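Subject: Structure handover

Hello,

Here is the structure I promised to pass on. Please open it next to this message and follow along.

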Amino acid sequence: MLGWFPGHMNKARRQIKEVLPEIDVVIEVLDARLPYSSANPMLAELTRHKPVLKILSRADLADPERTAEWVAYFDAQENMRALAVTTTNTRELKKIPKLCHELAGAVRADRDVRVMVMGIPNVGKSTLINGLAGRKIAKTGNEPAVTKRQQKVRIDGRVALTDTPGVLWPKIEDQASAYRLAATGAIRDTAIEYADVAIVTSAELAKRYPEALTERYKLKELPPYAAPDIPHDIDADGPKKPDFLAIAGFDGNAILKDIAARRGGLRPGGAVDLHRGAEVLLHELRDGKLGRLTLETPADIPPPPVQNDEDNQLLSDA
């Protein structure tokens with residue numbers, strides 16, 4: 001599976017671990033279109049003893065019904081709250097300090113609530129910091145990993161924020177998550193073959209939002225849905241992993257060819273430029289031109305791995 005762990009991210013992980021004992025509340029910024037895939041399991045492990053506020057950013061790009069499902073899911077977890085926001089909407093951001101105080105509980109009257117803001121690259125974390133501060137504090141950009149070091153800022157409502165660099169985990173085991181992260185631009189376009197990302201995304205959109213896909217690209221019809229067979233082994237050197245394209249049930253390659261042909265990707269002789277189709281689909285998805293879409297629901301969260309007897313024995317011996 002996808003492995004991508006630059007040196008500055010390893011350094012950021014160490015810095016987070018050092019500062020955490022002084023922190024009252026953790027804010028984890030997630031992409032509202034993929035709240036599971038954009039949640040870093042490494043951060044969850046680091047912060048498991050801290051109250052957490054899950055901020056679902058880019059809520060204006062996400063399906064509002066699915067967002068409500070995610071907020072309810074997170075609110076049902078112990079010591080956790082969730083809030084869906086558009087990070088440029090300062091009115092929505094004003095709710096955050098109050099939620100931080102509620103999660104922190106009793107804090108000495110002579111100090112602020114100490115909050116650490118975390119998240120993977122390119123989920124709107126820096127835009128959130130700037131909105132809360134009311135001025136430009138954190139550098140923003142469309143490329144992942146813009147923030148390179150910790151920054152501290154005091155905001156209204158007696159809250160002291162510590163911003164951290166965007167941190168990806170060393171290896172993304174879940175193939176579905178890797179493709180969804182690539183589709184929204186959370187990982188660099190060079191991390192996975194660009195056309196492959198668009199092919200998988202086409203199939204996913206056909207399954208979840210067929211009307212939006214056909215209307216945007218004036219497609220006459222989508223390929224028929226075919227119930228997937230047993231998932232293929234796509235990792236010969238490791239445990240069997242599901243072929244995400246196979247289990248989507250739609251021919252994403254055919255859909256992307258149709259999109260490319262209708263959007264300037266038809267070449268002399270009838271050849272179709274899939275890269276052109278990928279550029280159109282992924283750029284427009286990221287810009288919200290297909291409408292408000294969410295690429296996963298709480299039902300898509302995979303079950304935890306089953307531990308065998310040997311694993312249980314190791315745990316009991318620890």
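Predicted model: local features only at pLDDT ≥ 70, side-chain atom pairs only at ≥ 80, totals over all residues.

Six strands make up an open sheet. Their order is β4-β3-β2-β5-β7-β6, and the pairing is mixed. β4 (80–84) and β6 (151–155) are the edge strands. Each has a single partner strand, so one side of each lacks a neighbour in the sheet. From one strand to the next, the twist averages 25°.

For background, strands of a sheet pair through backbone hydrogen bonds, and the sense is either parallel or antiparallel. Look at β2 (residues 25–31) and β3 (residues 52–57) here: they pair in the parallel sense, over six bridges.

Helix α3 (residues 64–75) lies across β2, β3 and β4. Against β4, helix α3 runs at about 160°. Helix α6 (residues 125–133) lies across β2, β3, β5 (113–118), β6 and β7 (159–163). Its angle to β7 is about 155°.

The structure holds three aromatic pairs. One of them joins Trp70 and Tyr73, and its geometry is edge-to-face. The ring centres are 5.8 Å apart, with 85° between the planes.

Are the two partners buried or exposed? Trp70 has 0% relative accessibility, so Trp70 counts as buried. Tyr73 is at 31% and therefore counts as partly exposed. Phe74 belongs to this picture too: Trp70, Tyr73 and Phe74 form one aromatic cluster.

**Helix α9**

Last stop: helix α9, residues 210–217. Which of its residues are buried? They are Ala212, Leu213, Thr214 and Tyr217. What covers them includes α8 (194–208), α11 (252–262) and α12 (274–286). After α9 comes Lys218, with a positive phi near 55°.

Best wishes

Conventions
Residues numbered from 1 in each chain as written. Heavy atoms only, no water. Pairing = 2+ DSSP bridges. Helix = DSSP H or I, 4+ residues; strand = E, 2+ residues; numbered from the N terminus. Axes fitted to C-alpha atoms, helices over the stretch in contact; angles between N-to-C directions. Contact = heavy atoms within 4.5 Å. Phe/Tyr/Trp six-rings, centres within 6.5 Å; stacked < 30°, edge-to-face > 60°. Buried < 20%, exposed > 50% of the residue type's maximum accessible area, 1.4 Å probe, protein only.
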